[in-house]
Amino acid sequence: MEKKVFWPVLAAYLKARYRVMVGFVLFLLLFWLLFFLLRLPYDAVLYGSAVTLAGGLLYGGYDFFRFYDRHRLLTMLREEITVSLDRLPPPRTLPEEDNQALIRTLFDDRAKQISKADAAYQDRMEYDTLWAHQIKTPIAAMRLVLQGMPPTQARVELGQSLFQIEQYVEMTLHYLRLQNDASDLLFKRVPLFPMVRGAVKKYSMTFIRKNISLHLTETPCTVLTDEKWFTFVLEQLLSNSLKYTPAGGSISIYLDPQEDKSLVIEDTGIGIRPEDVPRVFEKGFTGYNGRMDKKSTGLGLYLCRQTLKRLSHRIFLSSQVGKGTRMKIDLSEAAFPME
């Protein structure tokens with residue numbers, strides 16, 4: 001028995017049995033008092049007291065080790081008790097039986113509440129997924145109407161707004177997929193540059209409209225990842241850079257020359273305050289820039305980190321106010337070994 005375990009258990013045992021020990025001492029004192037009143041020899045008193053005390057200590061030691069074994073068994077069951085109560089030890093006393101009956105009642109009620117919450121959560125997930133898929137139909141119809149309109153500034157603005165709606169719908173779908181443990185991940189070796197080029201092409205109109213220059217260096221390497229999910233991350237990071245880079249700025253995409261397989265997306269945007277940098281990947285955190293923009297959801301970077309975590313990649317961010325932000329994705333397979 002380890003010392004760091006023994007002393008806390010002994011203290012708990014003494015606290016639980018202090019009434020018995022007080023009673024034992026009182027009876028021993030009564031024993032001495034009777035011997036004194038009967039004027040019995042002191043040798044007989046001491047002998048009787050020693051025998052009684054030895055018996056009490058032997059029983060106390062036995063009772064303590066039973067107490068300790070009980071404690072150790074219940075401690076071992078802590079991990080399993082959340083799943084099943086089958087391995088609870090048989091109760092030794094009526095209070096233990098009452099406590100176990102109370103535990104079973106609470107366990108059954110908890111199981112019912114969890115089942116009810118899971119059913120409600122599943123219904124909500126199914127509804128949200130259905131809505132996200134159904135909303136794509138009117139979006140496609142609106143895009144067809146826009147294509148038939150004359151090329152005016154209003155059409156361009158409407159096209160950009162519709163594009164943003166499509167992005168928000170995709171973000172919603174991706175968020176719902178992340179909540180599902182059985183997500184459709186398909187790992188294979190994929191050329192990196194076509195994924196980067198596809199993400200840039202998707203936002204080409206935004207580059208043109210905001211007059212933001214692009215410095216794209218070819219990335220001749222392959223990545224062990226899921227193409228669909230990784231492309232989503234690239235699009236989100238590019239969208240963020242475009243959102244916070246003013247007109248006339250620039251965005252650079254390249255492989256970090258200092259490290260093997262680290263993709264960098266760097267912009268000359270407004271940057272992020274130092275106190276906000278440690279929290280930008282938190283769910284719902286918008287920071288100073290998001291509060292000023294009043295349109296930020298605080299989900300984009302959160303989804304990026306959660307997605308990259310599932311893909312066994314890592315993401316790092318550095319930023320300076322007024323100078324820009326640098327996002328780096330570590331794509332090396334050594335970062336997180338695949339099972």
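I began with the second largest cavity and noted that α7 (192–202) and α9 (227–243) each supply at least two residues of its lining. Helices here are DSSP runs of H or I with at least four residues, and strands are runs of E with at least two, numbered from the N terminus.

I recorded that the model is predicted: local features need pLDDT of at least 70, side-chain atom pairs count only at pLDDT 80 or more, and totals for chains, interfaces and linings use all residues. Residues are numbered from 1 along each chain as its sequence is written, and side-chain values use heavy atoms, with hydrogens and water left out.

**Cavity.** I searched the whole structure and found two cavities of 30 Å³ or more. A cavity is a set of points on a 1 Å grid over the protein atoms alone where a 1.4 Å probe fits but cannot get out; lining residues have an atom within 4 Å of a point. The second largest cavity holds about 40 Å³ of space, a volume being the space filled by probe spheres set on the points. I listed its lining as V196, A199, V200, L234, L238, I253 and I265. Helix α7 gives the most to this lining, with three residues.

**Sheet.** I then turned to I265, which stands opposite M327 in β7. Five bridges join β5 (residues 262–267) to β7 (residues 324–330), and these strands run antiparallel; pairing requires at least two DSSP bridges between two strands. I traced an open sheet of five strands in the order β2-β4-β5-β7-β6, with mixed pairing. Its edge strands are β2 (213–216) and β6 (314–320), each pairing on one side only.

Definitions and conventions. 1 Å grid on protein atoms, 1.4 Å probe; cavity = no way out; pocket = protein on both sides within 12 Å on 5 of 7 lines; lining within 4 Å.
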